[in-house]
Amino acid sequence: MKMLLSLKSVSKSFAAVQALSDASFDLCPGEVHALVGENGAGKSTLIRLITGALRPDSGTLEIDGQLISDNTPSRSRELGVAAIYQQPALFPDLSVIENLALGLEPGRLWRRVDWRARRERAARLLHLVGADIDPEMIVSRLSMPQQQLIEIARALGSSARILILDEPTASLSDREVENLFRVIRDLRKAGLGIVYISHRFEEIFALADRVTILRDGQTVAQLGIDQTNPTGLIELMVGRELSTVFPKRRVPIGEPVLRVEHLSSREAGLHNITFEVRAGEIFGLAGLVGSGRSELARALFGLHPVDSGRILLHGRELVDLSPQRAIEAGIGLVPEDRRRHGVIADLPIDVNSSLAILPQISTAGLLHPDEERCLAASLADRLRLKAPALFAPVSSLSGGNQQKVALARWLATRPALLILDEPTQGIDVGAKAEIHRQMGELAAEGVAIIMISSEMPEVLGMSDRLAVMRHGTIAAILDRSEASPELIAAHAFGA
Ligand SMILES: Nc1ncnc2c1ncn2[C@@H]1O[C@H](COP(=O)(O)OP(=O)(O)OP(=O)(O)O)[C@@H](O)[C@H]1O
Ligand SMILES: [Mg+2]
């Protein structure tokens, strides 16, 4: 059978970092080929060679049987490659129809537009991906998962034959993941080749036909999915045995740290929220994407104005909350969109990981660089941070490693209340277990933790109690002993 894609012995380095060394990968029509590896293993770099964003230092790339020596993004697109990332790349101010037309229709921009044909084509493509979306909608008004489906629709419209998905499900709910999988299976049946990158093993075993494992830029194995199992995959990824599930540590629950009373915020779309979190408690926030979980986190950190209700920390009301005041009062937040808010991409790692504890490691406004470096080094080690050096800018790290830096910043502090929004999204198995362990340690020290997670096993496994949010308010608060996936789903959908 003719291969859709074949990379042989490709290497790529960035200055001193060997991102890929002698790696190989191929793709047949009608298969889902998963690409797995720890954070920084080289997955995204391999993808960027295929899409023409980067050129290899050595090795060969063939697309559809043609040897491509000077790949560029437009060349690769012409050859039928389409890539979809975690963050949709659409034009937010244009409608769905316009987004589906851009780049697909031949001819000049100012030619006469056949609106009817455009509309019909958009409707047909949306139907193919199972998206129930009005084509006239402006894209910025759509949810992230909806935008992602539009990107896939656009890829189909451009008659892509190779579809690359780099961690596409990170912020999708279970139901949205199901729809995406259905679409992927249809495309496989239609003969497309699909490259699928994910840190979630359930997905890989549910979807993939073959899997290639990258470790430190090298391909360590390529297997049929029925030749392996999750434990085997992890061993190949990390090169050692590893326990993936970290059992929840039971710690004594203390006094209330945070009390939220009838909180409403028009800007954040929150209304009448009441709950409390105690010292040592991990309080989960479950709910659908868009139910208001991140907005609640942001409001507690002073990023949304509160219209009515009260926020009390250790019994003292926090008024006119701002992020500055929140930090002073002892509240920490690791936001969801870490690429935008969680790290300062151009600053070195050691500075980033100590930003939040400046008062602790500085006296009279002077920073002790040694302490900063020492702290960063110990955290980097525990989270298995893969970076050329601690003084490297964060922007040069892989996606997952950037997330580790954002987390390290707050794990380094001992806030009274720590809010973690999707703390392990995009993070590899080994580091994930370490983050869960760290959360347990912080809780044992009496930190109150709020954890937002879209991953059912994580929210069920880690929380002492959890709130299910729906339409900007709390639909139910469940105790660990009574919480189940069915009950959470029932409250999340309002059934
Ligand atoms: N532009 C760059 N400059 C310097 N180093 C880079 C650059 N891009 C990637 N790297 C390095 O190359 C290595 C591989 O990164 P890559 O993004 O391919 O990892 P990944 O497997 O996609 O990881 P993740 O699961 O975290 O997304 C990392 O060590 C990273 O720091
Ligand atoms: Mg990546």
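Reader: Happy to dig in with you! How many aromatic pairs does the structure hold?

Author: The structure holds two aromatic pairs. Please keep in mind that this is a predicted model.

Reader: Take F181 and Y196, then. Why is this aromatic pair called edge-to-face?

Author: Let's set the values against the cut-offs. The ring centres of F181 and Y196 are 6.3 Å apart, and a pair requires centres within 6.5 Å. The planes make 80° with each other, and planes over 60 degrees apart count as edge-to-face. The F181 and Y196 pair is thus edge-to-face.

Reader: And what does the pair of F181 and Y196 tie together?

Author: F181 belongs to helix α6 (residues 174-189) and Y196 to strand β8 (residues 193-197), so the pair links parts that lie 15 residues apart in sequence.

Reader: Staying with α6, what makes α5 and α6 roughly parallel?

Author: Their packing angle is about 10°, with the axes 11 Å apart. Angles under 35 degrees count as roughly parallel, and α5 is therefore roughly parallel to α6.

Reader: Which residues meet there, and how do they divide by class?

Author: From α5 come P145, L149, I152 and L156, and they meet E176, N179, L180, V183 and L187 of α6. Seven of the contact residues are nonpolar, one is polar and one is charged. E176 is a Glu, and Glu counts as charged.

Reader: Helix α5 also packs against α4. Why are α4 and α5 described as roughly perpendicular?

Author: Helix α4 (residues 115-128) and helix α5 (residues 144-157) pack at about 115°, and their axes are 9 Å apart. The class runs from 65 to 115 degrees, and the two helices are therefore roughly perpendicular to each other. R121, L125, L126 and L128 of α4 make the contact with I150, A153, L156 and G157 of α5. By class that gives six nonpolar residues, one polar and one charged; Gly counts as polar.

Reader: On to the strands. How do you know that β4 and β5 pair?

Author: Strand β4 (residues 58-63) and β5 share two bridges in the antiparallel sense, and at least two are needed for a pair. Within this pairing, E62 stands opposite L67 in β5.

Reader: What makes β2 and β5 edge strands?

Author: The open sheet has four strands in the order β2-β1-β4-β5, with antiparallel pairing. β2 and β5 (66-67) each pair on one side only. Helix α1 (residues 43-50) lies across β1, β2 and β4, at about 115° to β1.

Reader: How are β1 and β2 joined?

Author: Strand β1 (residues 5-14) and strand β2 (residues 17-27) run antiparallel and are joined by seven bridges. F14 stands opposite V17 in β2. The two strands form a hairpin with two residues between them, and A15 in the turn has a positive phi of about 45°.

Reader: Why do β12 and β15 stand at the edges of their sheet?

Author: That open sheet has four strands in the order β12-β11-β14-β15, paired antiparallel. β12 (270-278) and β15 (316-317) each have a single partner strand, so one side of each is left without a neighbour in the sheet. Inside the sheet, strand β11 (residues 256-265) pairs with strand β14 (residues 308-313) over five bridges, and R259 stands opposite L312 in β14. Helix α9 (residues 293-300) packs on this sheet, touching β11, β12 and β14, and its direction makes about 70° with that of β12.

Definitions and conventions: Residues numbered from 1 in each chain as written. Chains lettered and ligands numbered in written order. Predicted model: local features only at pLDDT ≥ 70, side-chain atom pairs only at ≥ 80, totals over all residues. Heavy atoms only, no water. Axes fitted to C-alpha atoms, helices over the stretch in contact; angles between N-to-C directions. Parallel < 35°, antiparallel > 145°, perpendicular 65-115°, else oblique. Contact = heavy atoms within 4.5 Å. Phe/Tyr/Trp six-rings, centres within 6.5 Å; stacked < 30°, edge-to-face > 60°.
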